[in-house]
Amino acid sequence: MLASGAPFAWDSFSEIPFIEECMFEVTVEDTFAAGHYLRNYKGKCENPHGHNYRVRVTLAGQELDQAGLLLDFKNLREVMKPVIDRLDHQMINELEPFTRLNPSAENLAKYFYDETNARMKTQTNGRVFVKTVKIFETDETTATYFE
Ligand SMILES: [Zn+2]
């Protein structure tokens with residue numbers, strides 16, 4: 001039972017526009033090869049080794065553009081490219097912020113998220129944002145970051 005005078009009424013639920021729940025998603029994957037090693041870790045991965053990484057970026061937004069696209073796949077590839085090019089065929093531990101931050105799949109996922117989300121929001125005036133980034137170290141092992 002509500003206290004009298006409370007501004008709540010059951011009817012107000014029907015006024016919530018359901019369109020706000022609607023979302024479109026667009027996903028692109030790309031790959032890169034790079035070396036890394038984990039600090040503060042005991043096991044095989046403390047030694048330098050390489051992975052053929054796969055990165056999957058999923059965008060989301062409520063509004064489509066005039067062509068009926070959330071975003072052209074090509075545009076998302078262009079946003080991912082400089083991030084991938086910086087890491088491809090490098091020892092990730094030698095690149096900022098991974099000189100301090102461990103280059104785990106989790107931290108790589110957050111790095112891709114931060115880099116691509118900032119560019120995406122600028123490019124689309126906030127219409128499109130990065131929903132998730134998944135990093136595959138192998139076909140069977142992944143780490144995902146989202147906010
Ligand atoms: Zn590894």
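## Notebook: strands, helices and core

I take strands (E, at least two residues) and helices (H or I, at least four residues) as DSSP runs, numbered from the N terminus. I count two strands as paired if DSSP finds at least two bridges between them.

**Entry 1. Basis of the reading.** I worked on a predicted model, in which local features need pLDDT of at least 70 and side-chain atom pairs count only at pLDDT 80 or more, while totals for chains, interfaces and linings use all residues. I number residues from 1 along each chain as its sequence is written.

**Entry 2. Order of elements.** I looked up the secondary structure and found 2 helices and 4 strands in the protein. Read from the N terminus on, the elements run β-β-α-α-β-β.

**Entry 3. The sheet.** I traced an open sheet of 4 strands with the order β1-β2-β3-β4 and antiparallel pairing. β1 and β4 are its edge strands, each pairing on one side only. Neighbouring strands of this sheet are turned by 20 degrees against each other on average, direction ignored. For such angles, I note that axes are lines fitted to C-alpha atoms, for helices over the stretch in contact, and that angles run from 0 to 180 degrees between N-to-C directions.

I then went through the pairs. Strand β1 (residues 24–36) joins β2 in the antiparallel sense over 13 bridges. Within β2, A60 is the residue opposite E25, and G50 is the residue opposite G35. β2 and β3 also run antiparallel, joined by 7 bridges.

**Entry 4. R54.** I placed R54 in strand β2. Is R54 buried, partly exposed or exposed? R54 is partly exposed because 16 other C-beta atoms lie within 10 Å; the classes are buried at 20 or more other C-beta atoms within 10 Å of the residue's own, exposed at 12 or fewer, and partly exposed in between, with C-beta atoms placed from the backbone. Not counting residues up to four places away in sequence, R54 touches E29, T31 and F136; contact is taken as C-beta atoms, placed from the backbone, within 7 Å. I also noted that the C-alpha atoms of R54 and E137 are separated by 6.8 Å, although these residues are 83 residues apart along the chain.

**Entry 5. Helices on the sheet.** I find α1 lying across β1 and β2, running at about 20 degrees to β1. α2 packs on the sheet and touches β2, β3 and β4; its direction makes about 150 degrees with that of β3.

Which residues of α2 are buried? They are A105, L108, A109, Y111, F112, Y113, T116 and M120. Their cover includes β2, α1, β3 and β4 (142–145).

**Entry 6. The core.** I recorded 25 residues in the largest nonpolar core, where V57, L59, A109, F112, V133 and I135 have the most contacts inside it. β2 (49–61), α1 (73–87), α2 (105–123) and β3 (129–136) each supply at least two residues of this core. α2 gives the most, with 7 residues. By nonpolar core I mean a set of buried Ala, Val, Leu, Ile, Met, Phe, Trp, Tyr and Cys residues joined through C-beta atoms within 7 Å. In soluble globular proteins, nonpolar side chains tend to be buried together.

I listed the contacts of V133: V55, V57, A109, F112, Y113, T144 and Y145, not counting residues up to four places away in sequence. Over the whole protein, buried residues make up 20% of the 147 residues. Among contacts between residues at least 6 apart in sequence, 65% join residues at least 24 apart.

**Entry 7. Backbone exceptions in the loops.** Most residues other than glycine have a negative phi, and most peptide bonds are trans. P97 lies in the loop between α1 and α2.

N40, in the loop between β1 and β2, has a positive phi near 55 degrees. N40 counts as exposed because it has 6 C-beta neighbours inside 10 Å. Just after α2, N125 takes a positive phi of about 55 degrees; its place is in the loop between α2 and β3. N125 counts as exposed, with 7 C-beta neighbours inside 10 Å.

Notes
Two residues are in contact if their C-beta atoms, placed from the backbone, lie within 7 Å.
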